[in-house]
Amino acid sequence: MRRFTLRTGIRWKITLAIAAVGALTALALSLVVHSAARVSMLESARDSELERVQYIARTPDAGRKPIWGAKVNDPELPAELREKARSGRRGTYIQETPKRAPEVWAAVPLGNGQVLSMHHQFRESANMVRDLDRALVIGSLAVVIGGSALGVLIGGQISSRLRKAAAAAQRVAHGDPEVRVRDAVGGVVRDETDDLARAVDAMADALQQRLEAERRVTADIAHELRTPVTGLLTAAELLPPGRPTELVRDRAQAMRALVEDVLEVARLDGASERAELQEVALGEFVTRRVTALMPEASVRVVADEIVSTDPRRLERILGNLLANAARYGQPPIQVDIEGRVVRVRDHGPGFPEALLREGPSRFRTGSTDRAGVGHGLGLTIAEGQARVLGARLTFRNVAAPGGAENEGAAAGAVAVLWLPEHAPTTTGSFPVIQLPG
């Protein structure tokens, strides 16, 4: 079962994080400021109302005809405040109403059980609180927007550095030993991205040194084996005719071919090979070479084209592809030429999944359905020679007909050689081949 994954950039993660923190901080501060302002305004209204009712209580007519809307023994006076005033104490009270502004009450005792009180709605102060809330909302939005912009800026810089590091690492993975991830990242500020870049550079250097050491060891071993194998093959020619002599000659020749293939792989790995270019008609050239190498193979020229390439290396690639198709596939073997593209197809069990996924690997002949003889160097050499020509060599399988019951089965293997529009340069760099799709 395939798991659902959501891919997003680090820029937007940092932006969302800063925006979320800014929003939470602004919300918390807004709540604190709103509560503190409301409490302060209510306390100020209490004190003001109490001072007014105390002043009225000191006037001569306070018990008969109080001024400023004050009342004696007001029936609407909250019971809690009435009891407090009758006990001889002055006080204030906030009466909350569902649909109106709060009312602020103040009451003082007058003697003889009378209570002087007055009240007013908290309307002006409530308007001030609403204005304050509106300002807090606008300020909070400004904080969130500013934080998001800052997150985009910071995240964009980090994302850009990481993308440059990833692009440089991809070039290293594709075999460019001159690329340095730290130089590609750039910048004067040292952070975790620089540590990662330096670690990747150190790993690439160590891997390059190891591969170079292995290549040299392989080349040295193959070179040292060349002389005794040649001597063995010469000695085999002096043996008397017979079946044992034929077996010895066959094995000696196979060993000599293996040594030559290993030497060729070592030279290709050293990236020192250069193509000797000539102008050739690709359709005519491939037809003549396939006819000479494998007469039983069918050749079809869809469109011919003049290409600048190395005929010797192109013939080597064709020979290895045909040999691989004959050894591991089944007839008929078809070769199609269409412009700069050459396709070699057999009708066997198809390429192994490991080869389709990882490409040719030396000394690996694939799964048992395409194995038997050989050392797995043919396709490796073909791919290396294609690289010298600036070409691309791709592999795929043809799906077998028959619906769901044959799902995953192959009805043949197809190797496709994509020759470049422009020949390799004298410096050894190659044009990039853009594949369809």
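Okay, a definition to begin with: buried means under 20% relative accessible area, exposed means over 50%, and partly exposed is in between, using a 1.4 Å probe and protein chains only. Asn-73 is a case in point: with a relative accessible area of 37%, it is partly exposed.

Some housekeeping before I go on. This is a predicted model, where local features need pLDDT of at least 70 and side-chain atom pairs count only at pLDDT 80 or more, while totals for chains, interfaces and linings use all residues. Residues are numbered from 1 along each chain as its sequence is written, and side-chain values use heavy atoms, with hydrogens and water left out.

Back to Asn-73. You'll find Asn-73 in the loop between strand 1 and helix 2, and its phi is near 55°, a positive value in a residue other than glycine. When I say helix or strand, I mean DSSP runs numbered from the N terminus: H or I of at least four residues for helices, E of at least two for strands.

Pairing, by the way, requires at least two bridges between the strands in DSSP. Strand 2 and strand 3 (residues 103–111) run antiparallel and are joined by 5 bridges, with Thr-92 standing opposite Ala-106 in strand 3.

What lies across the sheet?

Strand 8 (residues 334–338) pairs with strand 9 (residues 341–345) in the antiparallel sense over 5 bridges, and Gln-334 has Arg-345 in strand 9 as its bridge partner. There are 2 residues between the strands, and Gly-339 in the turn has a positive phi of about 65°. In the loop between helix 8 (311–328) and strand 8 sits Pro-332, and the peptide bond from Pro-331 to Pro-332 is cis, with omega near 0°.

On to salt bridges, meaning a side-chain nitrogen of Lys or Arg within 4 Å of a carboxyl oxygen of Asp or Glu. How many does the structure hold? The count is 9. One of them joins Arg-134 to Asp-131, with the closest N and O atoms 2.9 Å apart. That pair is 3 residues apart in helix 3 (residues 123–173), so about one helical turn separates Arg-134 and Asp-131. Asp-131 is partly exposed, at 44% relative accessibility.

Another is Glu-284 with Arg-288, at 3.8 Å between the closest N and O atoms. These two are 4 residues apart in helix 7 (residues 282–293), again about one helical turn. Both count as partly exposed, Glu-284 at 48% and Arg-288 at 44%.

Then there's Arg-289 with Glu-315, at 3.2 Å, N to O. Arg-289 is in helix 7 and Glu-315 in helix 8, so this pair ties together parts that are 26 residues apart in sequence.
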